[in-house]
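Subject: Structure handover

Hello,

Please find below the structure I am passing on to you. Notes on what turned up in it follow.

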Amino acid sequence: MTATEAKLHALRQRLLRPLDAASLAAFRIGFGALMLVAVLRFFAHGWIAEYFLQPTHFFKYWGFEWVRPWPGPFMYVHFAAMALCALGVLLGYRYRVSVLGFGALFAYAHLIDKTNYLNHYYLVVCLCALMALLPLHAHWSLDVRRRPQLAQEQLPAWMLWALRAQLATVYVFGGIAKLKPDWLLTAQPLSIWLGRHADLPVLGAVFEQPWAAHAMSWAGAAFDLSIVPLLLMRRTRPFAYLAVATFHLLTARLFQLGLFPYIMMFGSLLFLSPSWPRELLARLGLKCRSSVAPPEVVLCTRAPWAWPVLSLYFALQFLLPLRHWLYPGNVCWTEQGYRFSWNVMLMEKDGSVDFRVVEPSSGRTFRVSPLDYFTPYQTKMMAPQPDMVLQAAHVVAEDFRARGVVAPVVYADAFASLNGRAMQRLIDPRADLARQADDLSNKPWILPMKPSQEGQASLAWSPE
Amino acid sequence: MRKFLMNRGLLAELERRFQVQLCAWAALCVLLGCSPEPLPDGERRVALKRTTEQVILPTYQELSATTDELASLLRELADSPDAAELADVRQAYLATRAPLEESQAFAFGPAEELRSAAALDQQPIDPAKIDAELEGDTELTVQYLLRIGANKRGLHGIEYLLFPESDAALEQALLDAGEAGARRRQYLASAAEIVASAAAELQAAWDTSALGYARRFSEPGESFSVSPDVQTGLDTLLNQAVFLSEVVANSKLGKPLGAATGGELDPSAQESERSGASLTDALGNLRGVRNVYFGSRDGSFGPSLSSLVRAKSPSADQHARAALEAAEASLLAVPEPLGDALADAPETVTAAFEAVKTLKRVLATEVLGTLGASLKFNDNDGD
C-alpha cells in the first residue's frame with residue numbers, strides 16, 4: 001500500500017467511523033421545527049396570496065420556465081402539504097417521504113418567481129437534498145417506534161461531515177464574497193445599514209461612530225472566513241459557538257433576515273460534539289441512554305452511490321459561487337453569477353426602470369411602467385437586476401405583439417445606485433431587449449459601473 | 001486517582017466555560033431583547049417629529065379649513081342663492097386642491113384606514129349618474145349621498161357641478177329658481193359637507209394626544225407607536241414620496257400626454273379638466289414631496305430627510321434638491337390649463353414628464369440607497 005493509498009484508507013476509515021447519532025437527530029428535529037415556522041409565516045403574513053396569487057407575470061429561472069403557481073386555492077394546499085412534511089421531518093415520521101416532499105414542494109414554490117430568491121431558501125433546498133440521502137430518522141423518531149429495526153444509535157461520520165460541509169460553504173464563500181473593496185475599504189453597505197439603528201440602546205451610539213461600520217465589516221469577513229476552523233477545533237469550539245450565536249442574534253436584530261440566522265445558529269450545533277444533545281439532557285437532569293460503541297466498528301454505508309453523488313454535489317457547491325469570474329464586471333452590479341453563491345448582505349442596491357416600446361412600422365413610442373405588469377414588490381426587486389429587467393422586457397414585448405404591434409422594439413431606462421454611489425444607467429438604453437436572449441451567456445448590454453462622480457450623466461432619456 | 005483528578009479538572013474547565021457562556025448570553029439577550037429606547041435628541045427622531053408637526057399637521061389643518069369654507073359657502077348658496085358669489089365658491093373649491101394634493105405625500109395611516117381618498121377626491125366620477133340623481137326625486141341629503149357611492153360625489157363631483165362648459169351655463173343651472181336649481185344646490189351642499197367631514201375626520205385622526213396618529217407615528221418605539229423604530233417611520237415617508245412621484249409622472253402627466261398610448265393625446269385623462277386645475281394638482285403633489293423631504297412647508301432647513309441624506313451623502317442630497325427644483329420648475333413652465341398646453345405646447349408637458357421621472361429615479365435609487373430605505377412594500381425578509 002502506497003502512502004497515498006494509506007492516507008485515503010485512513011480518510012475512508014475516519015469517514016466511516018461510527019458517531020453518536022444524537023446531534024444529527026437533533027438537527028433533523030430543529031430543522032423540521034424551523035421549516036414548520038417558516039411555512040406558517042407564509043400563512044400568517046399573507047405571503048401566499050401576495051407572492052403567488054396576485055402577480056400575473058413571474059420571473060422565471062433559466063431551465064425552470066415550466067414552474068407555475070397552482071390555480072385557485074391550490075397554492076394554499078401546496079403550503080399546507082409543505083407544513084405537514086415539515087412536521088413529518090420534525091417527528092421523524094415517514095422521514096424520507098417527508099424530507100423529500102418538503103424539499104420538492106419548497107423548491108417548487110420558490111422556483112415560481114425569481115423575485116422571491118433568498119440565500120437561505122437556497123440553503124434550505126440544499127439541506128433537504130442532503131438530508132434525503134441521510135437516515136436522520138434512525139434516532140429519536142416516530143419511524144423508529146413504528147419500525148424498531150430502523151434504529152441506529154450511531155451513524156457513520158461522513159453523514160455528519162456532509163451537513164457540516166454544506167454549512168461550511170455558506171460561511172466560507174460568504175466570507176470570500178466579502179473580500180471586495182466596497183466591503184473592506186468603504187465599509188458598504190454596513191455604513192448605510194448601521195446608521196438606521198442609531199436609536200438602539202447602547203449599540204446605537206456605537207453604530208453612529210465612523211469607525212463602527214469598518215470594524216464590523218472587517219469583523220464580519222473575519223468571522224465568516226474563520227468560524228469553520230474555529231468550530232472544528234476542540235479548544236476554540238465553545239468560544240466559536242458563542243461567536244456564532246452573538247453574530248447571528250445581532251444580525252437577526254439589526255437586519256431583516258427572516259429565519260436565516262436561526263438556521264445557521266442551529267445548524268452550527270453540528271460542529272459540536274455529536275453527543276451534545278445527550279450531554280445537554282443530562283445537564284438538565286433528564287435521563288438519556290448513552291451511545292457507546294466500540295470505536296473500531298465500521299458501519300457499512302449500504303449505499304455505493306452515495307460517494308459519487310456527494311462528490312458531484314459538493315463539486316457543484318464549490319464551483320457555483322465561483323462562476324461569476326466567467327463574466328466581466330463587478331458581480332454586485334451586473335449580478336451575473338450572483339445567485340446561488342452565498343453573496344449574503346453584500347449590497348444596498350436600489351433601482352428604477354421604465355420601458356420604451358417602439359413600433360417599427362409607425363415609429364410610435366410607448367412609455368411603459370413595469371407596474372402595469374408586475375406587483376410593486378416584483379418591480380422593486382426587478383429594477384436593479386439586469387436579468388430580471390430582460391425578462392420584464394420580454395413580457396412587455398409579448399404583450400405588445402398580442403396587441404398587434406409587429407416586432408416591437410423594447411428599450412429600458414434602467415438606473416441603479418449601488419452601495420451609496422450616485423445613480424447611473426444600468427442597461428444600455430439603445431439595446432433592444434426584445435431581441436436579447438435570456439440565457440447564461442454574458443450580457444453585453446449591461447453597462448459597466450462608472451466611478452461614482454460620473455453617475456449623474458445623462459439621467460433623462462432623449463430620443464437622440 | 002490521577003484519572004479522577006483529571007476528570008475533575010476537565011469538569012471544572014467545562015463548568016467555567018459554561019458560566020462564561022451563560023453570562024455572555026444573558027448580556028446579549030438583555031442588549032438585544034430591549035426595545036429601542038426613545039432618544040430625545042436623535043436627529044432622525046427630531047426629523048420625524050418635525051415633519052409631522054411642520055408638514056403633516058398644518059397641511060391637514062389647511063385641508064380641513066378650506067373644505068369647511070367650501071361647505072359653508074355651498075350651504076349659504078343652498079339657503080340663499082340670490083346673495084351668492086359664484087366666483088367665491090369656485091375659488092373656495094380651488095383652494096382645497098393644494099392642501100389635498102400636498103397631503104398625498106403622506107396618504108398612509110389614517111388616510112388608508114378611513115379610505116379618505118374615496119370620500120374626498122374619488123377619481124373618476126360618473127357624471128351620468130350624478131345627472132340622474134339630479135333628475136330624480138329623492139331628497140339629496142348628506143345621508144343619501146353617503147349611500148350612493150363615492151363616484152357620485154367628492155371634490156370631483158363638486159367640480160363637475162361648479163365648472164360646467166361656461167359661466168353662463170353655471171349661472172343658469174345653479175341659480176335657477178326652480179326645483180332643478182334647488183336640487184343642484186342641495187346636492188353641492190351635501191357633497192361639500194361630506195368632504196368637509198372627511199377632512200375633519202382625517203385631521204382628528206392625526207390628533208396629537210396619546211392615542212392620536214401624530215404621536216403614534218412621530219414617536220416610534222413606544223407601546224402605542226405604529227413603527228417599531230424611527231427608521232421605519234422615515235422609510236414610510238420616503239417610500240410614499242417615491243410612489244407619489246411615480247403617480248404624477250405616469251398618471252397625471254403621462255396619461256394626458258399619451259405616453260403609454262404611443263403619443264395619442266388624451267385631455268380627458270387629466271385629473272381636473274373641468275376646473276383647469278390639473279397642473280395645480282400635480283404641482284401640489286410635488287410640493288407635498290418637497291415638504292416631506294425638507295420637513296417643512298416654508299422651505300426652512302432643519303432636521304429632515306434632506307439633512308439625514310446630506311449627512312451621509314451630500315451629493316445625493318444635492319441631486320435630490322436639484323431634481324425637486326427641476327421638476328417643479330418644469331411644471332411651472334407648462335402654460336395653464338393643461339388641456340391647452342397639450343395642444344399648443346406639448347413639449348413643455350413632455351419636459352415636465354421627464355423631469356418628474358428623473359425626480360422619481362433619484363428618490364428611488366440614491367436617496368433610498370443613502371438611507372438604506374429600500375422600497376418596502378411588504379414585510380418579506382431575508383438576503
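Predicted model: local features only at pLDDT ≥ 70, side-chain atom pairs only at ≥ 80, totals over all residues.

Strand β5 of chain A covers residues 409-418, and nine of its 10 residues are buried. On one side, β5(A) pairs with β3(A), residues 349-358, in the antiparallel sense over 10 bridges. Two positions show how these strands line up: A:D354 has A:D413 as its bridge partner in β5(A), and A:D350 stands opposite A:S417.

β5(A) also pairs with β6(A), residues 424-425; two bridges join them, and the strands run antiparallel. Here A:A416 stands opposite A:Q424 of β6(A). The hairpin formed by β5(A) and β6(A) has five residues between the strands, and A:N419 in this hairpin takes a positive phi near 50°.

As background for reading the sheet, side chains in a regular strand alternate between the two faces of the sheet.

A helix pair

How do helices α2 and α15 of chain A pack? Helix α2(A), residues 22-44, and helix α15(A), residues 276-283, meet at an angle of about 85°, and their axes are 7 Å apart. Angles of 65 to 115 degrees count as roughly perpendicular, so α2(A) and α15(A) are roughly perpendicular to each other. On the α2(A) side the contact is made by A:A22, A:S23 and A:A26, and on the α15(A) side by A:W276, A:P277 and A:R278. Sorted by class, this contact has four nonpolar residues, one polar and one charged.

Aromatic rings

Over all chains, a search of the whole structure finds 35 aromatic pairs. One of them is A:Y117 with A:F340: the ring centres are 5.2 Å apart and the planes stand at 80°, so the pair is edge-to-face. A:Y117 lies in the loop between α5 (95-111) and α6 (119-133) of chain A, and A:F340 in the loop between α17 (331-334) and β3 of chain A. The pair therefore ties together parts that are 223 residues apart in sequence. Are these two residues buried or partly exposed? A:Y117 is buried, at a relative accessible area of 15%, whereas A:F340 is partly exposed, at 25%.

There is also a cluster linked by ring pairs: A:F42, A:W47, A:Y51, A:F52, A:F79, A:F102, A:F106, A:Y121 and A:Y377.

A loop residue

A last item concerns A:Q209, placed in the loop between α11 (203-207) and α12 (210-232) of chain A. With 36% relative accessibility, A:Q209 counts as partly exposed. The C-alpha atoms of A:Q209 and A:Q154 are separated by 51 Å, and the two residues are 55 residues apart along the chain.

Regards

Methods. Residues numbered from 1 in each chain as written. Chains lettered and ligands numbered in written order. Heavy atoms only, no water. Axes fitted to C-alpha atoms, helices over the stretch in contact; angles between N-to-C directions. Helix = DSSP H or I, 4+ residues; strand = E, 2+ residues; numbered from the N terminus. Parallel < 35°, antiparallel > 145°, perpendicular 65-115°, else oblique. Contact = heavy atoms within 4.5 Å. Nonpolar A, V, L, I, M, F, W, Y, C, P; charged D, E, K, R; others polar. Buried < 20%, exposed > 50% of the residue type's maximum accessible area, 1.4 Å probe, protein only. Pairing = 2+ DSSP bridges. Phe/Tyr/Trp six-rings, centres within 6.5 Å; stacked < 30°, edge-to-face > 60°.
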